[in-house]
Amino acid sequence: MSFRQNCEITLVQNPHAAENVFLHKEPENRPLPTFAKERGRLPSPIWEGHEDAISCYWKAWELAFGNLCQPHPGSGFVSNFIDTAFNGCIFMWDSSFILMFGKYGARSFNFQGTLDNFYALQHKDGFICREIIEENGEDRFTRFDPAATGPDIMPWCEWEYFKNFGDRDRLAKVFPPLLAYHEWLRMYHTWPDGTYWSSGWGCGMDNLPRQQEGYPISYSNGHMVWIDACLQELMNCGILMEMARLLGREEEIAPLRQERENLARVINEKLWDEETGFYYDLWKNGKLNMVKHIGAYWALLAEAVPQDRVDRFVAHLENEREFKCPHRIPALSADHPWFAKDGGYWNGGVWAPTNYMVLSGLDKYDKFALSHEIAKNHLRNVVDVYNQTGTVFENYAPFPGEDGKPRPGHPAKGDFVGWTGLVPIAVLLEHVLGIKPDAEKNTISWHINLLERHGVEKYPFGKNATLTLLCEARNSKKEEPQVTVTSTEPVTVQIFWDGGTQVIQAGK
């Protein structure tokens, strides 16, 4: 009997995990594509005068295709996948963020299939380990290790893929394992009031100084309520409810709605500080830890912030003493004693995944101008480092070096695609160029903020459509943009700019 089988003996079968079709899927043996052959099929962005950003875009794709892998025999992996590019394991949250840009290459490689390997190795009670060894498919952590799992952002990743392509068949397959995993976390990672806990490693932000004195920063739950873990599960309740509605599984909605209502209430009653206008972790002594970190901004994506608190909460992103550093946004507020100008990993480092989360959350609250401003700053700094080094890094320093130039974080891995592909690909397309899809509604929203000629060719949308979206140069943001949209299938494109809106029916 294997170690995994031995661990399963005492586990109670989760009925949703029993529905998991990936447990019985045959391993894929399809040959891997190459960047050289597939480049011509990938979306091709246009941004006049910013050829270095376009060069960085293609470099990210080149690195990504270099990290494609096939399942090792006997590993239990069932799909070709993109490696996390870190330590020979696939990581739950790294993979989810990688797929946020990988979706744009879906016509060349099934990047989304990377998550199939997590679902295929789900335990019968719903548990999924956050790190799985690629060579043999073994969990890197035992289930009740505080660092064993998380962050739970796979539902968000699958939902973003659905918004791009409207693939209900995939949604029907992933819903049961996603719900089973959420139910496992609810059972084993909550306190009596329904709030969630994690650890430094489990939350993905390894060395943030969140813990009460006496607890290991990276490896303990600290008997603490973790703001990011609570907000992620609040978000997931909403996403899983939407999936259930679309799939005709309304019987699954009531428990999720009840949990969402409870979490929203507790978060806003216990984890918000009115004096500072921010959300914090809660120590076991009942006191907020008063550490301003980027994990609190999951509140935007989870739509947890009441309207009368939004402006105060978002204002911290505009405060140069806190999160508005020369390279935005540091993981730890600059007014914290542990803040490091060179990044210090999560003690001030600027990270592609958390920045992408904040940008997406700002858009939820119609803060498109701010998300565009931060996105341009983030992309510019990443591209400036690319111009110096020829590559992208795991994270970046919030302040320039002695030479006045942007720099990688300390420490940081190079050639990191990995999740840093988010910046030159997804952040460019979604928050700098401003193009957001909704395949279920057959609509693309285009928020035009740039003055230069810009757009994208070979943009994949829905099951079969390919679009070209082009905006000519303008003299001011209030000037009505001159836009050309072509599509191989009928689609509605909603144009927004500072001063007006327009609707274009393309492909008809």
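**Helix H7**

I started with burial along H7 and found Met154, Pro155, Trp156, Cys157, Glu158, Trp159, Glu160, Tyr161, Phe162, Asn164 and Phe165 buried. This is a predicted model, so I kept that in mind for everything below.

That makes eleven of the twelve H7 residues buried, so the helix is largely enclosed by the rest of the structure.

Next I checked the length of H7, which covers residues 154-165. At 1.5 Å a residue, its twelve residues should span 16 Å, and I got 17 Å between the end C-alpha atoms, which agrees.

I then looked at what comes after the helix: H7 is followed by Gly166, which has a positive phi, near 60°.

**Ser44**

Where does Ser44 sit? I found Ser44 in strand S1, residues 44-47.

Is Ser44 buried or exposed? Its relative accessibility is 16%, and buried means under 20%, so Ser44 counts as buried.

I listed the contacts of Ser44, leaving aside neighbours within four places in sequence. They are Tyr57 and Trp58, plus Gly455, Val456, Glu457 and Lys458.

**Strands S11 and S12**

I moved on to S11 (residues 465-471), which runs antiparallel to S12, with five bridges joining the two. One pairing I noted is Leu467 with Ser487 of S12 as its bridge partner.

Ser487 came up again when I followed the side chains along S12 (residues 483-487), which alternate. Val483, Val485 and Ser487 point to one face and are buried.

How values were computed:
Residues numbered from 1 in each chain as written. Predicted model: local features only at pLDDT ≥ 70, side-chain atom pairs only at ≥ 80, totals over all residues. Heavy atoms only, no water. Helix = DSSP H or I, 4+ residues; strand = E, 2+ residues; numbered from the N terminus. Expected span 1.5 Å × (residues − 1). Buried < 20%, exposed > 50% of the residue type's maximum accessible area, 1.4 Å probe, protein only. Contact = heavy atoms within 4.5 Å. Pairing = 2+ DSSP bridges.
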